[in-house]
Amino acid sequence: MADYDRRQSGGYHNRKRRYRDDDDHYDRRHQRRRTDSAPLPVRVRRQLLSIADSPLRRWNDEVRSIAHMVAENYDDENLRNTFLDLVQQLLLEQPLKTPFVAAVIIIINTMKPELVDQVLARLTQATESKIAKGEWRDVKLYLKFLACLQTLLEGDGLFPVLEELFSRAADLQTASSDDTIGTELVKIILLTIPYVMAVAPESFKQKAADLMDKTDIIASEPHALQALVDPYVPEGNADSPGASPSLCMLLQKQLQNEAAKDWELACLPRPWQMPVEDVEIQDKLANAPKHELPPISIPTTVVAGPRPLFPEIYFSVYSDQEVSSVPAVDNIAASLIRDGLIDTINILDFNRNVTARYLMDLDCYFAEGTFVKRATPFDELRNFPSGRTTWKPEDVAVDTVFSQLLQLPTPERKLVYYHSVLTEACKLAPAAIAPSLGRAIRYLYRNSPRMDLELSYRFLDWFSHHLSNFGFTWKWTEWSEDCELPDLHPSKSFLRGALDKEVRLSFAQRIQKTLPEPYLPLVGPEKEKDVPDFKFNNPETPFSKEGKEIGALLRRKAPEEEFQPFIESIQVQARELALDPLVASTDVLVTAICWVGSKSLSHVIACIDRTKTRLLDAGNTSSAARAQIISAVMAYWHPHPGVALSIVEKLLNYSILTPLSIVDWALVASTPANGAQGGEALAQSHIFELVSNTVTKVCARTRQLLLSPDADEETRAKEAKATKDLFSAMDDALVSWADGSKDEQMEDGDGSTENEAMIRQWGRRWLRVFKRLGAIEETFAIEAAKLAKDRATTTDGEDKA
């Protein structure tokens, strides 16, 4: 008992000791240090995947550790194959680590040069395969890696491959100035040269200069399609940002500047450089064996590949700051850092969390001193001494994501992916990212009136979505004065559209609580009602009785024939009032459908399904009645345009509406009686959303049909013509708004008022968007026709054989 009491004397916190004392077999020897007992291939894989991820580990230590592990266990076939596979995979999935993987190979070359031959054989074969398929990003990534191995290669190393690529580019550009493959090849060449010069600066200066003299012919000339994808609308005055530089033009000038500075390339990491005091490894590197680069065959005819190619424009949301928080456009770092980040973002689209982490850690993958310390306040950059870098890693990351989100004609990934990357980055480092995003938002808001309309809408969409993830908080007071602007002003249009989107993502009362007083009229009391008022409940409204009766029939799911007496009654009264009978009865029926179906989208779909035949008949009988279907939906759901757009989309799916009728309603018909509200509708973001969604749906269906091997030639031609006619109708309508020749504009004024000028500007912005889309779809149709013809020829040849 005494022993028990003594053991208890330590109280509660001595429980662990008590249990040990109770165990007569407790091993009191010192615990052995934990070691990594994982199999060797697993350890190699783990270390190679995490190379350069930690700022606490020195690059050369990591590189040498992996190299020694692989070289010393070269005879282990499993490890060797694991390493070779992983190297190839890592180059395509984590491109920021390419120089570090190359450094591992350079060190291995001093111990097991035969492994380098295997790496080169695999990589050149893979590069050749990617060239044949037109997968140009993968080609660029493989060439970047081979460039980092330039010191291991015999003779001129990679330069003969780059020369041959340029030869193909020159042939393509000579054949057609509209060619984009040649421009892509030149971009790849220019992005590869810096890595060659970083690893072997003294040996290949003349080869680099000669190659750049050749690329200058193509890179220095604006591409024929460049104006099509410029993020800014050219205004032709001093305030306009003007034509933005293409990436190829920038790269050419940046490399020329870098050559003048003796190829400093200060931003690039050089993990293959070992400490000067380590004489042994220095000697080994200097006397390491050289390898012949296996030939890379480049076909005479190269293909564009699976993704359409367009000239790349360099776009930055930090271009007008008094202190540069991102590399200036004349610095090669602007292109090299962004290139690595863009590839990382677009390759890792399957995991936004990992992507955001790489963006936050980007300073780990570039030379020390390239960036300022993370989360450095922007105001502190002003105090930095001259000559010291002021680049904020957060700004560079945010700038790169926006360059993809706002890429024309379309981003590589879905827009929501870029939204989510920025959201995750904010969650990972809110104190660092939030100020950077704030400055980006202010830049985009200021320049939104001058930007391409599609990009303005993408910004609006992202802005409202982003605020919804962070409590809808923003410094709205900064823009309070813009609430007094005319509705046609682009800034006022942005505010109305953003707040409407916010209400869609939440509810009006919550949004109102986040807004200062000047904004409250933009989120009026009508938005507070989840279900708008049914106008036929007012006895003074024409056809009030019939409207309520039709609503009651829809509620109790009455058969079709019970509607007929009330429809006839409406049409009789309409004739007496000198109204179009079919338009009047259609308005009552569709408004009743919207009211009864207001509980949910499934309710309204059920109502549409039950009255589909009647609505189809009305639309086929009269184009005015079909337009009234849209007008009734938009009028009832006026406080909540997002709901109206969903219903119109369902009506389009049922073929009750046609794409042409929606475009006609939005752009051609110019009075509330038979369409949108004239030119003022061009300034409403939900109208742009309606037309854009409709056209996108049509284009997707047309592309699917054009590529289908089951579709016959007549069907393809008919579908392509229908799409072309749709774009022609839009073009005709928008040209008249853009140049002020629309009948309504000419009747209402002489074209000199501010409102008329703004309508013309909206018309030009709309016209630019849909002209571009029309040109892209027309090109796609031509290419699809060639593909179908080739397929038919191949099939005929097989049949004869």
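The side chains of Arg458 and Glu454 meet in a salt bridge, with 3.0 Å from N to O, where a salt bridge is a side-chain nitrogen of Lys or Arg within 4 Å of a carboxyl oxygen of Asp or Glu. This is a predicted model, in which local features need pLDDT of at least 70 and side-chain atom pairs count only at pLDDT 80 or more, while totals for chains, interfaces and linings use all residues. Residues are numbered from 1 along each chain as its sequence is written, and side-chain values use heavy atoms, with hydrogens and water left out.

**Salt bridges**

- Both Arg458 and Glu454 lie in helix H19, four residues apart, which is about one turn of the helix; helices (H or I, at least four residues) are DSSP runs numbered from the N terminus.
- Arg458 is buried, with a relative accessible area of 4%, where buried means under 20% relative accessible area, exposed over 50% and partly exposed in between, for a 1.4 Å probe and protein chains only.
- Glu719 forms a salt bridge with Arg701, their closest N and O atoms being 2.6 Å apart. Glu719 lies in helix H31 and Arg701 in helix H30, so this pair ties together parts that are 18 residues apart in sequence.
- Of these two partners, Glu719 is buried at 17% relative accessible area, whereas Arg701 is partly exposed at 47%.
- Arg703 pairs with Glu777 in another salt bridge, with 3.0 Å between the closest N and O atoms. Because Arg703 lies in helix H30 and Glu777 in helix H33, the pair ties together parts that are 74 residues apart in sequence.
- Arg703 is partly exposed, with a relative accessible area of 26%, while Glu777 is buried, with 11%.
- A network of salt bridges links Asp461, Asp500, Lys501, Arg504, Lys527 and Glu689, and a search of the whole structure finds 55 salt bridges.

**The second largest pocket**

- The second largest pocket has a volume of about 780 Å³, and of the 27 residues that line this pocket, the closest to its centre are Ala304, Pro308, Thr779, Phe780 and Glu783.
- On a 1 Å grid over the protein atoms alone, a pocket is an open set of points with protein on both sides within 12 Å along at least five of seven lines, a cavity is a set of points where a 1.4 Å probe fits but cannot get out, and lining residues have an atom within 4 Å of a point.
- Grid points are joined across faces, edges and corners, and a volume is the space filled by probe spheres set on the points.
- Helix H33 provides the largest share of the pocket lining, nine residues.
- The lining of this pocket divides into 16 nonpolar, four polar and seven charged residues, where Ala, Val, Leu, Ile, Met, Phe, Trp, Tyr, Cys and Pro count as nonpolar, Asp, Glu, Lys and Arg as charged, and the others, Gly among them, as polar.

**The largest cavity**

- The whole structure holds four cavities of 30 Å³ or more, and the largest cavity has a volume of about 170 Å³.
- The largest cavity is lined by 17 residues, of which Leu453, Ser456, Leu460, Ser493 and Trp762 lie nearest its centre.
- Helix H19 gives the most to the lining of the largest cavity, with four residues, and this lining divides into eleven nonpolar, five polar and one charged.

Definitions and conventions
Helices (H or I, at least four residues) and strands (E, at least two) are DSSP runs, numbered from the N terminus.
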